[in-house]
Amino acid sequence: MIQKEILSFKKELALNELNLIKIFLKKRDGLSYLQNHSQLIDKTLSKVWQDLQFGNTASLIACGGYGRKELFPYSDVDLLILIPKSRNKRLSQKIEQFISLIWDLGLRIGHSVRNINETKIEIKRDITVQTNLLESRYLNGDKVLYKNLQKIINDILIPEHFYQGKLKEQNRRHQKYNQSAYQLEPNIKESPGGLRDLQMIQWIGKSCTKRFTPEKLNQKKYLDKKNYQKLIKTDIFFKNLRILLHVTAKESEDRLLFDYQNELALLLKYKKTTHKKRSELFMKDVYEAINFTTFINEVLLKKLNPKDTKNITKITDSKLLIIEDDYLEINPTFQNKNITPYIFDVFITFQKYKLLKSLGPNLLCLLSDAANKINHVFRKDKSQQEKFLSILKSNDKVNRSLRIMNKCNLIGAYIPAFGKIVSQMQHDLFHIYTVDEHILNVIQNLRRFAKDELKHEFPDCYDLFKNYPHKHILYLAALFHDIAKGRGGDHSDLGAKDVSEFSKLNHFPIHDEALIKWLVKSHLMMSHTAQKLDLSDPRVIEEFAKKVVNKENLTSLYLLTVADIRATSPHVWNQWKATLLKNLFKYTLNYLEHDNLSHEDSIAKRKEKAALILNTYNINDHHYKGLWESFGGNYFYKYTEEEIAWQTRLLFTHATPKKPIIRVRHRSNGEGIEVLIYQKNTMHIFNKTCHFFDEIGYNIVAAKIFTTQHNYALNLFDLLDANPKNVSYEGLFKFIEKELISRLENSKETKPTKLSERSRQATHHTFDTKISISQVEQSPIYQLDIVTDDRSGLLSLISDQLSKEDISINQAKINTLGSRAEDTFLVAYKDNLKMNQNKINDLVEKLKAVIA
């Protein structure tokens, strides 16, 4: 082909591809598009092949998705150029010319050139090559060579080995996505429940059965009519969606990024409702398709297992069930296929036999079908209620049982309120899973507390959980804690009402109902207190203890809170949060067990403990008596005994220094560092400090800002490295101490801060910044709460604006939850003047303006 012909051919090909997309957008027939697109490329490749006059010197073969005639708009065209033995110079030149021309035409090809022997070696060595060629299709050239390839594939491929290899491959692929596709931006091709899982069914089917087609699954031994039709419908849904995604992204993109979710929802004609955006309704359908694919993948891969013989074990006390290999399965002699009355018996038996991995495919299908038959009569049946509770009361497989039940839609059928949050995404910038997946993750985390081999993760939670008498109460609280998400209103209050209804229906003891209801209503209280308030202040502990009331409530809430925060996202939990929660638990328990100590007694004990620590360093009270007096009584409400002892050791000989004193140390929990700043009080100390730590890549997670009676600033900053790396801490500490002194002594104003860009989620799911200011009782102190999307430079920007408004910061709690910032400040207006409502409103608007 000459250059002019190539350009003409390329233009014609592009117009034909564009026309196919236009037809698809009009008719939405994805299967026709994939077939027609593949045929268009077939003709293009064959024309070039024939123009180069290959004849029978080689065979042109379509592989992979292109081989099965499923060529998506921007997918690679997978080709194998098969040659008999070795290529001569002329053949090599033709092949190079062919590849070059194909690229010139604008086609994205993935190609390999191998002779028959090389291909044979690759098929034996690599299961991916084996899979690719299993779907191969002859295009042009030597037909005999292609038939020889087919014979080699048939001879080499051993169904049992292929089956085991593909299962391992699928498991590795799922592991990359943490075994879950219920994430904010799922990959609809590769993640669990995506197109790959549907393709797995075809690959296994083809490896076991000659001329396998999906239609063969429409048989009694594989699927009933309902599940078969749903499989076909789900397959079409994903294929249509992937075509639309490629067209929208204008590239080979398989992730449903936030950038595309709303646009796709519009294309698919979703309409928003009172409480849900169109993109959320669209994604709910995506997650439901993922859920079904996960279910049907498990069912069919088990049914297509080529293993000849199965080990059958009878269960003596059950006519319903047998053990088939390592799975619990329906007894083939059981005549009544309506197993609805026996649903919970299945899971009780599953928990009884520890070595069972899961349920067999026939049993899974029957359970899924039975979910539709669960009604009010079933839910009111006392025997069924007792069975459900016995599953939660078991010492084994509680998490696994609930996950299988959810896969079969049984939880949502038995607890209708739960059914409403299945596949529902939450765009709050810190949850990355659907609501039902998050809830099951919470229960999984609770179960982790029970495992000896995981004791090292949370030794205190392990001990508390081990001695917790009624663990099913925690599981029920977890099931209901977010069950009212997406309804509008406070989900904690609405969830507590759901608990009341469920408890009355199930005749729960008064104590159990009250505790579960309280936990659901209060499930955010402990994290809020730990992450927003000053735990050094005995008044904070007293107020929290009064809400908790007793040790049982405290222990229950602590275990649920740790499990809950860890289940939101892998990026939310850290040792800092773990320490905060542990300290709040410890301080509150101490308060409850020591007959509600008064503030004065608490402070007296704190001073005694600090004195004991100092005494071990041969520092007696006459050394620091004057220092403590100059700090003032409020100092002891601000800092713990350990912090008081450390600061006293550093400062008792430097009560009134002329230069700033900066000291840095590791935090006691092993994560992050603490920075102490002590100097004559001036404006902008907090502001300059924020800018400095922003520059060196450290996140301030908490700051205690205190002014002594003799007008010295005594500030303590807790920091986490934004980009953990190997550093010389000795060098880092010296650098911070030297550089920060220089910054604080410099009278120049800091440069204005620029915020980094918003995350894609915050951009596409309009996250409204919330700012509130309230007076703390009748004091001159105000609490400023800011909830917004987290961005680099945020704290410096807030500090800049507060400085402009003559507002000083007395305390800061910086709480980062994934991509969401929930920051709390205790602030005071200049000279401790009162702020009127106009001033407060003006400040809120100015803060919103700079953050937005």
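A residue counts as buried when its relative accessible area is under 20%. Keep that cut-off in mind as we walk through this structure, which is a predicted model.

Four strands form an open sheet in the order β3-β2-β1-β4, and their pairing is mixed. Because β3 (109–115) and β4 (137–141) stand at the edges with a single partner strand each, one side of each has no neighbour in the sheet. From one strand to the next, the twist averages 25°. Look at β2 (residues 77–83) beside β3: the two run parallel and are joined by seven bridges. Here you can find Ile83 opposite Asn115 of β3. Packed on the sheet is helix α4 (residues 89–104), which touches β1 (59–62), β2 and β3, and its direction makes about 170° with that of β2.

Next comes the inside of the protein. In soluble globular proteins, nonpolar side chains tend to be buried together. The largest nonpolar core here has 203 residues, and within it Leu45 and Phe98 touch the most other members. Helix α12 (residues 278–303) gives the most to this core, with twelve residues. Setting aside neighbours within four places in sequence, Phe98 is in contact with Leu45, Val48, Trp49, Leu52, Phe54, Leu60, Leu79 and Ile81.

Conventions: Residues are numbered from 1 along each chain as its sequence is written. This is a predicted model: local features need pLDDT of at least 70, side-chain atom pairs count only at pLDDT 80 or more; totals for chains, interfaces and linings use all residues. Side-chain values use heavy atoms; hydrogens and water are left out. Two strands pair if DSSP finds at least two bridges between them. Axes are lines fitted to C-alpha atoms, for helices over the stretch in contact, and angles run from 0 to 180 degrees between N-to-C directions. Contact means heavy atoms within 4.5 Å. A nonpolar core is a set of buried Ala, Val, Leu, Ile, Met, Phe, Trp, Tyr and Cys residues joined through side-chain atoms within 4.5 Å. Buried means under 20% relative accessible area, exposed over 50%, partly exposed in between (1.4 Å probe, protein chains only).
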